[in-house]
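Open the model in your viewer and keep the selection tool handy. We'll hop from one chain to the next, picking something to look at each time.

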Amino acid sequence: MNFEFSEEQNLLREQARGFLQDNCSLKAVRVALEGDQPFNAELWKKVAEMGWTSTVIPEEYDGLGLSYLELSVIADELGRAIAPLPFSSSVYLATEAILACGSQSQKETWLPRLASGEIIGTFALAEAQGQTTPANLSTQGGDSLNGVKIPVADGDIADFAIVVAKSDKGDGASLYIADLNADGVEKQKVQTLDPTRSHASLTFSDAGAELLGEEGTGWQATQNIFNRAAVLFAWEQTGGSDAALEMAKEYALGRFAFGRPIASYQAIKHKLANMYVKNTLARSNCYFGAWALNTDAAELPVAAASSRVAGIQAYYFASKENIQTHGGMGFTWEFDCQFHYRRAKLLSVNIGSEAQWQDKLITAVEKQNAA
Amino acid sequence: MNFEFSEEQNLLREQARGFLQDNCSLKAVRVALEGDQPFNAELWKKVAEMGWTSTVIPEEYDGLGLSYLELSVIADELGRAIAPLPFSSSVYLATEAILACGSQSQKETWLPRLASGEIIGTFALAEAQGQTTPANLSTQGGDSLNGVKIPVADGDIADFAIVVAKSDKGDGASLYIADLNADGVEKQKVQTLDPTRSHASLTFSDAGAELLGEEGTGWQATQNIFNRAAVLFAWEQTGGSDAALEMAKEYALGRFAFGRPIASYQAIKHKLANMYVKNTLARSNCYFGAWALNTDAAELPVAAASSRVAGIQAYYFASKENIQTHGGMGFTWEFDCQFHYRRAKLLSVNIGSEAQWQDKLITAVEKQNAA
Amino acid sequence: MDFNDSAEEAKFRQEAAKWLEANVPTASELKGLDPMQQAKLWQKKKADAGWACIRWPKEYGGRGANAIEQVILNQEEGKVDTPNTGMFGIGQGMAAPTMMTWATEEQKQRFLPKLASGEEIWCQLFSEPAGGSDLAALRTKAERDGDEWIVNGQKIWTSGAQYSDWGILVLRTDPEAPKHQGLSYFFLDMKSPGIEIKPIKQMSGASGFNEVYFTDVRVSDAQRLGEVGQGWQVALTTLMNERASIGGGGGNAGFKTAMALAEKVQIDDQPAIKDKAVRAKLANWYVQEAGLKYTGYRSMTALSKGEIPGPENSIGKLVGAPKSQDLASFAIDLMEQAGIMWTPDAEDTENLFQGAYMSIPGLRIAGGTDEIMANIIAERVLGLPQEPRLDKGIPFSEVPTSNK
Amino acid sequence: MDFNDSAEEAKFRQEAAKWLEANVPTASELKGLDPMQQAKLWQKKKADAGWACIRWPKEYGGRGANAIEQVILNQEEGKVDTPNTGMFGIGQGMAAPTMMTWATEEQKQRFLPKLASGEEIWCQLFSEPAGGSDLAALRTKAERDGDEWIVNGQKIWTSGAQYSDWGILVLRTDPEAPKHQGLSYFFLDMKSPGIEIKPIKQMSGASGFNEVYFTDVRVSDAQRLGEVGQGWQVALTTLMNERASIGGGGGNAGFKTAMALAEKVQIDDQPAIKDKAVRAKLANWYVQEAGLKYTGYRSMTALSKGEIPGPENSIGKLVGAPKSQDLASFAIDLMEQAGIMWTPDAEDTENLFQGAYMSIPGLRIAGGTDEIMANIIAERVLGLPQEPRLDKGIPFSEVPTSNK
């Protein structure tokens, strides 16, 4: 067995980490938090030039045609860097949706520009507080789109959105591609817990929309897209968890209390050991998730849910206990601990919360056992 | 406000603790664990002579007519002593059932002998693994009893049992008083995790039985009886939790590692602090539970469930971490840590597990809010 | 065991309620006043009628009341709508008890009545950047110059410094003495030349604390409390009153609000409250909140019996703060993706949990971290030994402060 | 990233499977033999064919195979029904590597082949009542007498002492030297006069461990491994091989069995598996088990690349043991009152969780407590500093061992 990334993939990791250290330092994250720019457009340009946005897009659509293992490595590093980019919206969700459900012409229309990073896509599902289901979806599709999607991650900067609308056919939902720069679409920026990732409400009033996939297959499609995205979200969470642990460790080693480093107290040592444990469980689950995603294995639903739950739990714990390890300075605006704590929550409610994925995990295991 | 036990009640506590130290030491518990006696009959006799079994039974039935605050004090101390007695079965359940549902003549028949400890009662609900409900009850009542109850706490030593049987009327269940020494009743001792409290299966074959309360009111009656018993079980769990903490503390203060007491390591200090916190939350909940039980307050269902959940959680934590604090010796047969760990599980599955009471707690809060 | 007042308690409650009803500031009284002016108006009114700091002796502006009467007054005042007088808390709750114990009779006469009446506001300057949990590691130094001391250094986490008239502070008067023996305790005029105050912005966006810089600030030796080198002992008087006064936090973002949310939002097309996993979590939080509430009742009963509540009150913060953090995080999850939305300045319930999520990390740290609280319970409640101390019995100047 | 064997690995797997298929002991071969005899028969068969201890050099009874080949052999052997050879584990896994590093060529020739073939069983005698987590605090002393040492004292937690032929042990040869410097390492004949073995009964009822008492037991100096005073260093060779070898435990009482139980028992008149609270708990345990499983795959991959697995393997036990305890406790709760029933000797699933509930407290302690495992991760994986040590640099005889 070879349950490791290849030499080339590890090389890619080194390059990615080095690049992000130079171009997406914590200072850059702070600029995104405090500035009025919805995202780091310059960084996005560079990231696209390096081909990250085109990683898994087939060469026929001007992509690199690399595997999901390469994308996993990139997700891991983007998470570690808390990158202020619409990467997950555009790459894990919008691109995946078109790859999975798009017609030949839709692929030809959207994929090359997604690959080049020239356009940004996102995924619009939520309409209100609580779990969105076909039963409570209110956005209407058909020849035109009508309804309000709120919040939509990167909705204010995206050029198009994959919109989940109600359908009276099949599984109760259909997917549409909506040009967000067209008439009948109103973008309204909304404030969030993590200003380093912009969110907006999208109001569709007789807006033009193009069906993506069959009518009445949108709900199952959304589940499949989320299963694939869950692995990549989990990698971002795992990368962030490791960065938070390193931040805590560095501070604990340098901070003295009662004549010795706080890192020499079991209260801190065991706290950091617990972070390490949760991070390791998350990372190892992500390895399996990456394998399942990459090979389109039957285990994907289980692997995705398991990675996702582990990633959510690890990042919440690491980000809050990193603050705690920093003591008084930890909860100041001036310190950077807050970045992880904000991002951890953003990543945990996007594409469905911990409780949803715990339930999905057992459902997937039940299906596996039944098979 | 006066949210404390009275001087008399504290005096009773001192007497009870002193008595149990003399008559129910850990050695006595070990005898119950290793011996072949189903319970400590001599201790039972003394406890009855002191009137503990008659605490809340009205004087007209030869009881002491004291309050549930006194009974709470006794439960606290019995829990602390891990007493090998059928006290909870006979006093918290059987006696309460007859007090709550018994006719005048039934009270006259049973209460005086329960008060004197001359007879022992118990409560027979479970028939199989999992939650027992009116829907899956299989024991049949009517003119005679037929069915198997397993396990029944103290079933092999009890003289009579309150049996929950299926009913096609009302809430789906009826309560019966069954003389366990009569024909048609077979007692079969069963092995359990806590041999210091005997259990048995009871097989009823056309056994004589006497209806307790109205037909078809047995399920609601059981819920009411359990709500009252839950407070007293919680007191036993809280008493046991405190004793486990003291055992752990004493050992940690005397045991040295790397040149200092293990009690000086934060890993142990914070473990014991967490025990203290859980024990305190349990005890404070029990205070409110005792008040609600004693005043038959509308808050009883909430107070009982809250005390019960807190008691279960505190005792599980204290009993397992007491073993952990003892290190290698903690899991030997020779040491006494095992007593609490066994009893914690017994008390947590008798009258319904943590999950059931968590659910009951929220149901009770919902009813309170609706009122 | 009951929740009823004793006869005297009932009488006092009635008296207090009667006075409050008659004297609560009317809208017209408060019209045009800012929160600080409103607070001062109300506090003065209470003081003039003998309802301020009622546990203090009459001669210092109090009423000579007992602890339970204070609790009853608080309960009754909680029932009517009065201006928020929180800014007087540190002065009345921490500075005043210290003055009572350590100040001269003259100083007590001068300062305590104005503390009670809210005419003068006090702040507390103990913490320093290098200190944190290790309070006694403070370095701000005071050098003797005749009848005065010259203060240089920096304090941090000072609430209300910007509007305070006076401050209590601990200073290092002998760096060569062992850590706890080189300290002295003073109070000073916050308007003294050389004091610079900078607000600290928290990750929640709020700025409740300040940094206070001292540059050649002169303090009269007459404003020293206790002997030179006795500062730590005096500080303990102040600190004894701090931790009890800090609650579990989370404000309204508790069980009740979370349950209401769970009744509103949906899981599997039915109210989330029907979801067993949601119920189990809510149940655990209910149990914790109830446990703390009734622990409070028990110490109140002890109070009314004249007993002094001890370190066991640390559990309020130790249990409450992490509970509130997990509850807030879970409530946000219940909202699913909409949970990420937060309008920091809005106070509505839509923003309650998000605000709590961002502010509770501070609660787990301010006034003693979770870890310090656990130490307090382990050492002062359970009597377990301290960790080995490498900072004792040597000159403070030689205590390691970094890997260098 | 894939789960396929490399070409060589596939070849080796095939070869191993082929041999196993042809040589697994038949029922008739094993007929009438007790477990120990069956184990020895199978081990000898493997050794004769070069399939025992395959990582060892050929000249000592091994095959010179690499780590991943050992893993493959284990996987293949796991697929066929063979006698349990667990009793050889300590000798082959801990004594042998120590001998390889520290024994004379002559001793290796004498002992290693018989270790490989199972003809001689070894046990390990390190722990002592006073030791516990603090292994080096051992007091059993060896006094020099010409070419021999006279051993007096007590060891504890010795698995298999009752059937072992030889034992490795660490003894205190100089009580006046600092703790770690006064130790020496020996191996001895477990049948030597003066050795008394008493089984330790555990709370679960099992008796896997022993106390071993030494009264004037004589050991030849030729059976010393390493220099006098070098015992701790030699012991580290042995210990390096211990912790990795101890798993998370819980046996079959894991997620799979708990899920099966949840499908069988009822809550609210439907299968418990439909209960969201049950699902959430099961999900968390699945995630932990999967995390450990794939962490194992990662170290196996490292192995196959020739890397040596490090202290990070401590997480297996640190995560696994408490998880198994909570899972067992929860499974018992799922059975409700029937969960209290337990027939200790029965091995059926009806008793699985109860057995686990009673045995797992030992797993959280044996081979390093949860707390020690967390220290190992903190210090050896994360590189955090040790606690201050009060037992270093002073004569062992002066290290405090009690409050007296």
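## Stop one: a helix in chain C

Start by selecting α10 of chain C: 19 of the 21 residues of α10(C) are buried, so this helix is largely enclosed by the rest of the structure. Buried here means that 20 or more other C-beta atoms lie within 10 Å of the residue's own; exposed means 12 or fewer, and partly exposed is in between, with C-beta atoms placed from the backbone. Helices (H or I, at least four residues) and strands (E, at least two) are DSSP runs, numbered from the N terminus.

A word on what is on your screen: this is a predicted model, in which local features need pLDDT of at least 70 and side-chain atom pairs count only at pLDDT 80 or more, while totals for chains, interfaces and linings use all residues. Residues are numbered from 1 along each chain as its sequence is written, and chains are lettered from A and ligands numbered from 1 in the order in which they are written.

After the helix, click Glu336(C): its phi is positive, near 55 degrees.

## Stop two: the whole of chain C

Zoom out and colour chain C by secondary structure. Along its principal axes, the C-alpha trace of chain C spans about 75 × 60 × 45 Å. Buried residues make up 48% of the 404.

Select chain A next. What does it hold in the way of helices and strands? Eleven helices and nine strands. The box around its C-alpha atoms is roughly 70 × 50 × 40 Å along the principal axes, and 66% of the 371 residues count as buried.

Show chain C again alongside it. Here 43 residues of chain A are in contact with 46 residues of chain C, where contact means that two C-beta atoms, placed from the backbone, lie within 7 Å. On the chain A side, α10(A) gives the most, with six residues. By class, that side has 19 nonpolar, 19 polar and five charged residues. Nonpolar covers Ala, Val, Leu, Ile, Met, Phe, Trp, Tyr, Cys and Pro, charged covers Asp, Glu, Lys and Arg, and the others, Gly among them, are polar.

While you're in chain A, click Phe335(A), in the loop between α9 and α10. Phe335(A) has 18 other C-beta atoms within 10 Å, which makes it partly exposed. Leaving aside neighbours within four places in sequence, it is in contact with His326(A), Met329(A) and Gly330(A).

## Stop four: the strands of chain B

Move to chain B and select β3, residues 160-166. Six of its seven residues are buried, so β3(B) is largely enclosed by the rest of the structure. Strands count as paired if DSSP finds at least two bridges between them. Strand β1(B), residues 121-124, pairs with β3(B) in the parallel sense over four bridges, and Ala124(B) stands opposite Val163(B). Strand β4(B), residues 173-179, pairs with β3(B) in the antiparallel sense over seven bridges; look for Lys166(B) opposite Ala173(B). The hairpin of β3(B) and β4(B) has six residues between the strands, and there Gly170(B) takes a positive phi near 45 degrees.

Then highlight the open sheet of three strands, in the order β2-β6-β5, with antiparallel pairing. β2(B) and β5(B) stand at the edges with a single partner strand each, so one side of each is left without a neighbour in the sheet. Six bridges join β5(B) to β6(B), and Lys187(B) faces Leu202(B) in β6(B).

## Last stop: chains D and B

Finally, show chain D with chain B. Their contact takes 46 residues from chain D and 43 from chain B. The chain D side has 21 nonpolar, 15 polar and ten charged residues.
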